[in-house]
Amino acid sequence: ILLIVFFLTLFKKSIMNRLAGVFTLLVAAGKAEFLRRAQSSIDIDWRIPSEPYDPITAEVGTILNFKWSGPHNLVLHPSGSCDTAGAVVIAGFSFKGDVDYTVEADAGSTLFLACDIGSHCAQDMYIEVTVVPAADAPVSPAPVVPATDAPVTPAPVEPAPSPPGGGFCFSGATLVETRDRGSLRMDQLQIGDYVLVDESKTYEQIYSFGHFDQKSVVAAEFLEIRTVTSSGIEMTSDHFIFIEGNKAVPASSISVGDKVMLASGETDAVVSIKKVSRNGIFAPFTPSGTIVTNGIKSSSFATIQDSRRVSLSGIEIPITYHQLGVIFESPHRLVCRYFNCALYETYNEEGMSNWVEMPMKAFQWMVQQHAVVSGILFLCIFAAFCLMNLLEMAVLKPSFFTFLLSATIVVVHYYRRTKKVVELYTNSN
């Protein structure tokens with residue numbers, strides 16, 4: 001400590017000058033970035049306009065900032081019209097958006113940006129952008145703000161992308177085998193129903209719904225995955241499905257020819273995959289985190305990063321989102337075991353459970369932080385939920401609690417005995 005104080009005193013001036021220099025550079029860089037963005041960005045209030053958007057002109061490199069609150073998305077149409085052939089999704093379906101799109105097209109070209117939800121494009125929710133060279137660009141127009149919203153006509157002309165919140169949903173048309181009420185559609189299920197969850201013919205009680213929306217006016221996009229023997233399971237692209245080897249993967253990673261797990265424990269080859277549009281989105285939660293739908297073993301959970309495993313700043317962690325979902329749901333399952341969650345279950349306007357919404361948003365924020373910050377936070381949170389998961393297993397499975405207690409006693413006894421032997425050996429020498 002004295003050496004550290006000595007060197008700090010000796011080089012105090014040099015250190016302070018270097019810190020001041022670094023701070024000045026950071027301030028200058030931040031100011032330059034702020035000015036650059038202020039001079040080359042256009043704000044667009046993205047909504048169904050009462051009058052069509054006026055065409056705008058933008059330099060190459062200009063940032064178009066689209067903000068919306070409502071069921072919208074942002075799609076680039078190469079066709080230059082509402083025809084979706086070759087359309088490129090810039091931002092998926094959400095009820096609140098704040099999206100930056102950088103103009104990178106060749107000068108002289110025209111971009112056609114639209115919302116593909118239902119008939120929104122046909123209702124003039126599109127904007128044409130003429131691209132000009134950066135050096136010759138005229139003054140950008142003021143922020144584009146249409147006067148008022150026009151009435152929304154919920155006509156599902158084109159399928160919408162997966163619903164917000166990670167897309168952990170099934171369509172209402174998906175079939176589930178229940179213990180007491182036979183085969184039911186997903187939109188007929190209730191909290192308390194016992195459903196088939198695995199190849200061992202196990203039925204577990206639905207204790208909650210991560211998503212429960214029977215009244216959605218906006219059609220969501222699902223993947224219909226058909227196998228040789230299954231009539232077709234419908235789930236969002238981020239939802240987990242079990243493949244050969246009992247491995248949970250996002251539905252978007254499935255290809256024709258892949259083999260999925262069936263309720264019988266056998267595998268079946270996928271023969272077709274297509275997109276379908278449905279109203280209503282559902283995600284029943286079971287204690288094991290699995291559920292058999294249309295004869296195929298599926299998960300109650302989904303990924304929020306377009307990958308099977310959790311990734312922090314590009315560093316992949318050896319734990320899947322299915323495993324993470326099972327562990328993080330421990331407190332929720334414990335509460336529902338001793339209280340009737342059907343009486344307290346609430347959902348937001350998007351149909352997402354309030355048990356899920358806030359933790360999911362917090363986790364989404366965490367994985368976007370620096371690797372050091374997100375890593376430390378993840379380890380702390382994961383450790384806490386692992387302890388909660390052990391507590392849940394001890395409460396729900398007395399045999400496991402007995403085993404855990406016995407193992408703890410054995411370990412403690414072995415540790416004390418070893419310590420005593422080491423002390424005797426040390427004293428004898």
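What follows is a short tour of salt bridges.

A word on the ground rules: this is a predicted model, so local features need pLDDT of at least 70 and side-chain atom pairs count only at pLDDT 80 or more, while totals for chains, interfaces and linings use all residues. Residues are numbered from 1 along each chain as its sequence is written, and side-chain values use heavy atoms, with hydrogens and water left out.

The structure holds twelve salt bridges (a side-chain nitrogen of Lys or Arg within 4 Å of a carboxyl oxygen of Asp or Glu).

Start by selecting Asp45 and Arg47: their closest N and O atoms sit 2.7 Å apart in a salt bridge. Asp45 is buried at 18% relative accessibility, and Arg47 is partly exposed at 23% (buried is under 20% relative accessible area, exposed over 50%, partly exposed in between, with a 1.4 Å probe and protein chains only).

Next, pick Asp193 and Arg181, a salt bridge at 2.6 Å, N to O. Asp193 is in the loop between β9 (182-185) and β10 (194-196) and Arg181 in the loop between β8 (175-178) and β9, so the pair ties together parts twelve residues apart in sequence (strands are DSSP runs of E, at least two residues, numbered from the N terminus). Asp193 is buried at 11%; Arg181, at 38%, is partly exposed.

Now jump to Lys297 and Glu199, which meet in a salt bridge at 3.5 Å, N to O. Lys297 belongs to strand β21 (residues 296-302) and Glu199 to the loop between β10 and β11 (203-205), so this pair ties together parts 98 residues apart in sequence. Lys297 is buried, at 7%.

Last stop: select Glu224, Arg226 and Lys274, linked in a network of salt bridges.

Note on methods: Helix = DSSP H or I, 4+ residues; strand = E, 2+ residues; numbered from the N terminus.
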